[in-house]
Amino acid sequence: MAARPHVVILGAGFGGLRCAEALADVAVDVTVVDRNNFSTFQPLLYQVATAGLNAADVAYPVRSSLRRHPRVDFRWAEVVGVDWRTRTLALVDQSSAPEHGGGAAVERASLAFDHLVVAAGGAVNFFGVPGAAEHARPLYSLAEAVGVRNHVLREFEAAAAAGGRPASGGLTVVVVGGGPTGVEVAGAMAELFAKVFPADYPSLDVARARVVLVEAAPHLLGAFGAKSRRHARDTLVAKGVEVRIDEQVASIDGGGVTFVSGERIEARTVVWAAGVQGAPVSRALGLDTGKGGRIVVDAHLRVPGHDRVWAIGDIAQIDARAAGAPGDVLPGLAQVAMQGGRYVGTAIGAEAAGRAAPGPFRYRDKGIMATIGRRAAVVELSNGVRLWGTPAWLAWLGLHLLFLSGIRNRASVLLNWAWNYVVWNPASRLIFEPRDLGRSASGVAAGGQG
Ligand SMILES: Cc1cc2nc3c(=O)[nH]c(=O)nc-3n(C[C@H](O)[C@H](O)[C@H](O)COP(=O)(O)OP(=O)(O)OC[C@H]3O[C@@H](n4cnc5c(N)ncnc54)[C@H](O)[C@@H]3O)c2cc1C
């Protein structure tokens with residue numbers, strides 16, 4: 001009997017997991033490779049950064065997602081290269097990586113594939129702004145979200161320890177980028193400052209704490225209509241956010257942000273929500289990339305010039321017109337990744353079964369939404385329905401719960417939201433560095449010392 005084709009899916013995010021599910025009952029063997037052993041629900045990362053949710057609420061073990069599919073295996077590894085001639089990926093197994101307790105030397109392993117689906121997502125783009133990579137905090141991974149939370153809490157603790165006299169810019173958060181993520185972070189951070197911190201830090205004049213949202217375009221939420229943009233701006237201002245539009249960041253340093261206009265804001269926390277590009281693995285694979293480092297694909301999401309190689313989701317540059325959608329390139333949205341994943345799974349399944357390949361990929365745009373804070377959101381559905389305020393917020397809550405992986409996560413998020421809604425006392429205001437875990441574990445192992 002001929003061996004079944006081996007499909008390797010690089011990335012266990014929205015796109016990769018949908019592709020794996022679509023292949024679960026097909027006569028192929030599937031290996032999903034991810035450098036994390038969990039998937040991250042990025043749309044709720046801003047709530048981790050602003051202490052509204054625990055990190056574990058927005059992450060889900062990949063093996064749990066795949067346990068119902070015996071033909072789909074998981075490999076906890078980072079992809080670092082490829083040999084196209086032998087169709088073999090070069091990997092670093094994370095279990096052997098020094099940062100996870102492996103040996104000092106990084107050893108490479110290999111993984112052969114018949115089909116490769118690149119679903120490695122995106123990465124932050126600092127657009128070369130001087131000092132941004134060193135001093136601004138992106139919000140793309142769970143570790144980064146926890147890093148923002150830790151940092152903000154640390155600044156407030158430092159101010160309290162200094163007898164209520166914060167360092168210059170210590171109680172100021174600048175959020176760069178007025179898209180959905182920037183709006184969401186700014187709104188939630190302002191609520192944290194206004195509703196939670198005054199009781200937490202009675203020795204501080206928390207009213208002096210600032211949240212500044214900076215956007216280079218003349219309006220927030222560029223992808224939304226005029227009324228939604230206005231609603232977002234008015235709501236943020238009412239929450240105490242200083243909205244600065246038409247303002248471009250020239251440089252960032254450890255003490256603050258300088259605009260092209262020459263104005264400077266002292267701020268010890270800068271959150272970067274301004275730019276996204278394709279994950280760097282596209283370079284390691286040597287594939288042709290277009291705008292923003294995204295892999296160029298054809299109308300079938302195949303990588304031109306490579307047999308049986310696809311790219312989907314945030315890492316793919318998908319021609320919007322070819323996919324039947326407005327604009328030039330499909331946006332980096334969960335729906336684009338999920339629909340692309342299902343499509344490629346179906347295409348590989350058809351090939352394995354000797355059936356005709358499906359027609360070109362068509363994207364079904366369901367609409368866009370962003371939350372601005374408690375009982376405030378904007379929703380624009382593709383059927384023309386527009387919602388603002390509380391109805392939009394309820395729609396946003398419901399949809400995010402629906403797409404979150406795992407019943408436990410959904411229950412935990414719902415409980416957290418309900419609790420925070422009633423008492424304004426989020427439980428996740430922890431300053432908890434991942435290294436703390438190692439420290440206490442080694443203390444116990446060493447006989448409870450330290
Ligand atoms: C803060 C934030 C908020 C967002 N909010 C929304 C929203 O409200 N609505 C919406 O529709 N979209 C939102 N998005 C976008 C949405 O999350 C992405 O479009 C979606 O995650 C893309 O899915 P993907 O499968 O392409 O990549 P991802 O879901 O990012 O998954 C990629 C996976 O690849 C893995 N990986 C990367 N490189 C390697 C490597 N070299 N080796 C091994 N593994 C690798 C990563 O660990 C990751 O698990 C948001 C994004 C962010 C960052």
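Glutamate 191 counts as buried because its relative accessibility is 13%, where buried means under 20% relative accessible area, exposed over 50% and partly exposed in between (1.4 Å probe, protein chains only). The model is predicted, so local features need pLDDT of at least 70 and side-chain atom pairs count only at pLDDT 80 or more, while totals for chains, interfaces and linings use all residues. Residues are numbered from 1 along each chain as its sequence is written, and side-chain values use heavy atoms, with hydrogens and water left out.

Glutamate 191 belongs to helix α6, residues 180-200; helices (H or I, at least four residues) and strands (E, at least two) are DSSP runs numbered from the N terminus. The side chain of glutamate 191 forms a polar contact of 2.6 Å with the side chain of lysine 239. A polar contact is a pair of N or O atoms within 3.5 Å; within protein, one must be able to donate a hydrogen and the other to accept it, and residues adjacent in sequence count only if both atoms are side-chain atoms. Leaving aside residues up to four places away in sequence, glutamate 191 touches Val196, Lys239, Gly373, Arg374 and Trp424, contact meaning heavy atoms within 4.5 Å.

Two helix pairs are set out below. Axes are lines fitted to C-alpha atoms, for helices over the stretch in contact, and angles run from 0 to 180 degrees between N-to-C directions.

| Helix pair | Angle | Axis separation |
|---|---|---|
| α5 (residues 142-161) and α6 | about 40 degrees | 13 Å |
| α1 (residues 14-23) and α9 (residues 334-352) | about 30 degrees | 7 Å |

Helices α5 and α6 are therefore oblique to each other, given that angles under 35 degrees count as roughly parallel, over 145 as roughly antiparallel, 65 to 115 as roughly perpendicular and the rest as oblique. In their contact, Val148, Val152, Leu153 and Phe156 of α5 meet Met189, Phe193 and Phe197 of α6. These residues comprise seven nonpolar, no polar and no charged; Ala, Val, Leu, Ile, Met, Phe, Trp, Tyr, Cys and Pro count as nonpolar, Asp, Glu, Lys and Arg as charged, and the others, Gly among them, as polar.

Helices α1 and α9 are therefore roughly parallel to each other. The residues of the contact of α1 with α9 divide into nine nonpolar, five polar and two charged.

Backbone geometry is the last topic. Most residues other than glycine have a negative phi. Alanine 51, though not a glycine, has a positive phi of about 65 degrees; alanine 51 lies in the loop between α2 (45-49) and β4 (59-61) and is buried at 2% relative accessibility. Leucine 301, also not a glycine, has a positive phi of about 65 degrees.
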